Amino acid sequence: MMYRVELIILNKDGVRDPEGETLKRYVVDSTLPGKVAEVRVGKIVVVTMEASSREEAEKLTRELAEQRRLYNPIVHKLQVRAEKVEDGSD
Amino acid sequence: MILTLSSGEMEVVRRVLGREPREAEWKLVDALWSEHCSYKSSKVFLRSLPSTGPNVIMSVEDWQDAGAVDVGNGLALVLKVESHNHPSAIDPFNGAATGVGGILRDIISKGAKPIALLDMIRVGKLDEKGKWLLRNIIAGIGFYGNSVGVPVVGGELSFDETYNDNPLVDVACAGIVSKDSIVPSVVKEPGLRLVLAGFTGLDGLGGASFASRKLSGMDEIGAVQIADPFAGKIIIDVTLEVAKEVEAIKDLGGGGLAVAVTEMANGLGAVVNLEKVPLRFKYLSPEDIIISETQERMLFAVKPERVESVCSKFREYNYPCEDIGEITADPTIRFQYNGQVVAELPSDLLLSPPLNVWPAERASRRREPGREVPLGEALRAILTHPDLVSKEWAYSQFDYEVGTSTVVKPGQADSAVVELPNGKYLALKGDANQDLCAEDAYECGKAIVAEAYRNLATVGARGIALVDHLQFGDPRKPNVYQDFIDAVRGISEASKFFSIPVVGGKVSFHNEDKNGNPIKPTPLVVMAGLIEGKLARNRIDEGNLVLIGETRNELAGTLFSRIFGGGGEVAKTKLIEDLIASNLVIKGINEGKVIWNKDISKGGLAGALLPILTKGFSVKISSSHVVGTSSVLGKMFSENGGRFLVLTSDPQWFMYQAGRMGIQASAIGKATRDGGKLVLDDETFPMDSVVENYYTFLEGSL
Amino acid sequence: MRTAVIKFPGTTCELDVVKALKVVGAQAEVVKFNSLDPDRYEAVVIPGGFSFGDYLRAGAIAANSEAMKGVREMANEGKLVLGICNGFQILVESGLLRGALLPNINLRFVTRWVRIRVRRKDTPFTGESKDVLFMPIAHAEGRYFLDDEEIASRLAVFQYVDERGEPSPQANPNGSLMNIAGITNEAGNVLGLMPHPERASFSSISPDGSRDGLEILRVFGK
């Protein structure tokens, strides 16, 4: 079965995100004054892969991210979300 | 609470105070007395370095900030070198980037405009982890330097397994300021306001105190500092804009506000109102505000009537700036939160930790006999070694042209050259030699100063100032400490010999691999020089090859011995040879006799030939004309100092002048345009694969 | 020509541009991003650097700033607008020039001296220019893209070329569509390019002593 797995890489809570801060200070706050508490910017890696279950798809991509340093566990947090795709394409 | 203070040091604190310090006070003492801030294990020896001279405008007092030398027309050059080794091992991108930010803020602390950066990088083997480290270190340096518009004009990149777990990321910066506008880091009068620009956050808080609060369950967060070059650029621009309105400037580095305030007060006192400190993270405790090491902050001492003017310039950029306290006549450093005392300690206690002189013992180094290696194999191994390949992969990621003053660019010569605002040409070079230092730290200390001096001479410059950075393992290990002492002695002796003042320096201990073995001792010097006569353009062309200096069969502590082991003798540095040979090269440049030249260092004569071979030229060498040893391996790969390789159309001139000066010079061969071969006597070595490797190795590996 | 050189927070090349414009006799001065009065100037240059840290996309935040309203006004009045490097990125992000500048094809920042061919000499900037210019680039996001090759071909003013003057793939430093290094608008008074003419305006720092950047900047001295 084909799964579409999203690896979302963000700086950990408590680790600064200057890009998000700059967007908030110079763009977001002037458009939505007083409304926005925080803006964070990260990366998303989308992997479409063959796996026997959602759990396996998530496990394999998490291992991939850890082994090949797709993120730096000291700085980043990783969210992994998999969902089944019908025909393997988007 | 975990402190690095020893029980003896804690006793001293209790005795002087006559009471048990509060928690915040322990942290304050811990920060000020840390090796990083206090130089307690190195200071005794650093005092032997010559820090004065006729051109010195501001000598470095207690090794805290950058010094300055006169470069004519009312201008001063500010020079500084620093490393970010440990942060770069954890997070190479941000670690290297914040290292650049830190050194830039040291330069602007003097009111000087940063005009050039150098980066000296040392990593281990290029396995998966090594590649990850190097890619990110280079990208991080580029990210910061490029974003703030300071050109990285030169540097070094060396690969040695001693750095597998502990890469060395050294960054140096040169700045220019008019002589009468240099801003001090310390104050002389009470009543000045303390003004802090920039947010204070969680960054750089001790991992230990964090884990105990289990904020996120991850104890390393405190050790990570995220680089924000955009904020750094605002800090640079505005600090230089307000420099004339303030009495003192200090960067917030290691030890944060605790160290900056105490060192700025310099024996006077200070009151800091912590509730006034602008926070990025509002739950910071007063104790943490004191020691947070958040980047992109500056502390100013300002006359009360100018505070508003200074802060308004920051606010124009939406950048926080607050009056957080004042300098007092009472010599006490007092941090308070809404009037409540958090820490209150005598200035004198904070600034005067008990100094350490650790037991030292020279390691016995068993000399193995020299190895015999077939010449072809040795040539191939040396000439394809990553230390000698083209570094374009790295420097092309740096904006080395910004500032429109980079005259000699990365990869063009042994030194970088930048044009100063007064029209003079400034040459810069950083040098270290872990191979030689691992064999004999004293000879190596001398050798790296001599090498930097020679490197400046290759573009026609004479050294005027240097800064050093001393990188070793744990000073409590007697062999490590002895190497440190020996290296300082060597650097001191050589800089006195060349009459070059040491205007700044740093010490980085505890560089070890994961098993606790020290790295090879890696002291590093960065030398600045001025070109008083002609600039050598050093464009390779056909010509005669002249070798200046004597070649001795000293293969221990060389690239050859790193690759093949063994080694025989260690190179003894004869400074007089370096001085005279440099004089000869500069004279040759000024009289138009030099087409191209290079000092002989890593890889020996063979290494010096490589740039010619890679530009499409063949080289023919007659080994009998390489004088000083009968060993062919010694002739080709010895790295002893005092030598230059010169391309010239007038070899007789060099031999005649060398004879008058009392050194060797001999015509050893020719460079011709029919590229691709190294001919040594009657043996021909094709160089096609060496040349290809030279241009493709880093690009291909990374 | 009375020329404003705009400094955004994060701009790094404003002084270099002023220095080079002085060489051609322009009356150039640095104007901070929040204080541009379009009526005071006959021309404007947006220099290189990293405006607002180049966060989000290079030039994106600056493109939406107040200062760009003034620049747009000047462009509409037919005044000269030149964007160099980050300035070019800001001009495409603000819509004053067509297309987009994407991350370099190898995803790395690159500094290199390159040759560019002048394809159009009917703009005020290039009217008296030589055919091929030698200049440095220094950018991470310089891959020019437009989904209509015909328009791109018509608007392209500069193309990266090799030693023989050909726009070969080897001469393309960043993967730009058709080796495009710089483009103009339909009217020809707005020009953006990735190479830095101000860095090719002084013989002491030029690898071969040439000063080809002045070919483009000369118009500001009129």
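Predicted model: local features only at pLDDT ≥ 70, side-chain atom pairs only at ≥ 80, totals over all residues.
Local features are described where pLDDT is at least 70, side-chain atom pairs count only at pLDDT 80 or more, and totals for chains, interfaces and linings use all residues. Residues are numbered from 1 along each chain as its sequence is written, while chains are lettered from A and ligands numbered from 1 in the order in which they are written.

Start with chain A. Chain A has two helices and three strands. Here helices (H or I, at least four residues) and strands (E, at least two) are DSSP runs, numbered from the N terminus. The order of the elements, from the N terminus on, is β-α-β-α-β. The C-alpha trace of chain A spans about 45 × 30 × 15 Å along its principal axes. Its radius of gyration, taken over C-alpha atoms, is 16 Å. A compact globule of 90 residues would have one near 12 Å, by a rule of 2.2 Å times the number of residues to the power 0.38.

How much of chain A is buried? Buried residues make up 21% of its 90 residues. A residue is buried if 20 or more other C-beta atoms, placed from the backbone, lie within 10 Å of its own; 12 or fewer make it exposed, and anything in between partly exposed. Two residues are in contact if their C-beta atoms, placed from the backbone, lie within 7 Å.

Now turn to chain C. Chain C has six helices and 11 strands. Its C-alpha trace spans about 45 × 35 × 30 Å along the principal axes. Among contacts between residues at least 6 apart in sequence, 74% join residues at least 24 apart.

Six residues of chain A are in contact with five residues of chain C. On the chain A side, four are nonpolar, one is polar and one is charged. Nonpolar means Ala, Val, Leu, Ile, Met, Phe, Trp, Tyr, Cys and Pro; charged means Asp, Glu, Lys and Arg; the others, Gly among them, are polar.

Chain C also touches chain B. The contact takes 24 residues from chain C and 23 from chain B. On the chain C side, α1 (14–23), β6 (110–118) and β7 (132–139) each supply at least two residues. Which element gives the most? β6(C) does, with three residues. By class, this side of chain C has 11 nonpolar, seven polar and six charged residues.

Finally, find helices α14 (residues 375–383) and α21 (residues 604–613) of chain B. They pack at an angle of about 60°, with their axes 10 Å apart. Axes are lines fitted to C-alpha atoms, for helices over the stretch in contact, and angles run from 0 to 180 degrees between N-to-C directions. α14(B) and α21(B) are therefore oblique to each other. Angles under 35 degrees count as roughly parallel, over 145 as roughly antiparallel, 65 to 115 as roughly perpendicular and the rest as oblique. Leu379(B), Ile382(B) and Leu383(B) in α14(B) meet Ala606(B), Gly607(B) and Leu610(B) in α21(B). The residues of this contact divide into five nonpolar, one polar and no charged.
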